[in-house]
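Dear colleague,

Please read them with the model open beside you.

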Amino acid sequence: KRRMCLLKWISTDSSNFISRKSMDTRTYTLDTVLPKDCTPHPKNPKKHSKKQLDNIAESMKLFGFTSPIVIDENNLILAGHGRVEAVKSLGHTGFIPCMRVTGFTDEEKQALLVADNKLGEQAEWDDDLLNMVLSDINIDLVSMGLVMDDIEELDEPVIETIDDRKT
């Protein structure tokens, strides 16, 4: 069953670099779309390795499709290329969640391609909290996108707990 929700962006910050006129013409609609109907943006600078796509797919098997992709009015992908590729690799042909945006200029769409990926890279892990969370869960860490380099940086008790789960 498809459900849609229309949102209007409201900005009270007059220092925003985007003109008010531009903001007034934008819409944001929570929607669903078929993966086969999505078109990868030809200028997407982010490349996904097979290993990363496999990790995304494993995460989807475990948690489902939890983060909507962002597409424009023509189903051009602005964010979520890897998620679309991963869901296709799983053979899923049904609807997936999306945020359909309209009113963006071509320049703003290209900026979103970069910003969506680069902003996440600026975040840092709180190692103490990560250690606490990882010691509390019993889930295959590979399906969460963690690799051995990440695990080896954890505290020794957490590594022992992870090793115990493997046996």
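The buried residues of helix H3 are covered by a set of elements that includes helix H2 (50–63), strand S3 (69–71), strand S4 (77–79), strand S5 (96–102) and helix H4 (106–121). Helices here are DSSP runs of H or I with at least four residues, and strands are runs of E with at least two, both numbered from the N terminus. H3 itself spans residues 81–89, and its buried residues are His 81, Gly 82, Val 84, Ala 86 and Val 87, where buried means under 20% relative accessible area, exposed over 50% and partly exposed in between, with a 1.4 Å probe and protein chains only. After H3 comes Gly 91, which has a positive phi, near 80°.

Before going further, please note that this is a predicted model, in which local features need pLDDT of at least 70 and side-chain atom pairs count only at pLDDT 80 or more, while totals for chains, interfaces and linings use all residues. Residues are numbered from 1 along each chain as its sequence is written, and side-chain values use heavy atoms, with hydrogens and water left out.

His 81 also takes part in a polar contact of 3.3 Å between its side chain and that of Asn 44; such a contact is a pair of N or O atoms within 3.5 Å, of which, within protein, one must be able to donate a hydrogen and the other to accept it, and residues adjacent in sequence count only if both atoms are side-chain atoms. Asn 44 sits in the loop between strand S2 (27–33) and H2, and its side chain also reaches the backbone oxygen of Lys 46 at 3.2 Å. Leaving aside neighbours within four places in sequence, Asn 44 is in contact (heavy atoms within 4.5 Å) with His 81, Leu 113 and Asn 117. Asn 44 counts as buried because its relative accessibility is 9%.

Most residues other than glycine have a negative phi. Asn 75 is likewise buried, at a relative accessible area of 16%.

As for the chain as a whole, it has 7 helices and 5 strands, which run β-α-β-α-β-β-α-β-α-α-α-α from the N terminus on. Of its 167 residues, 33% count as buried, and among contacts between residues at least 6 apart in sequence, 75% join residues at least 24 apart.
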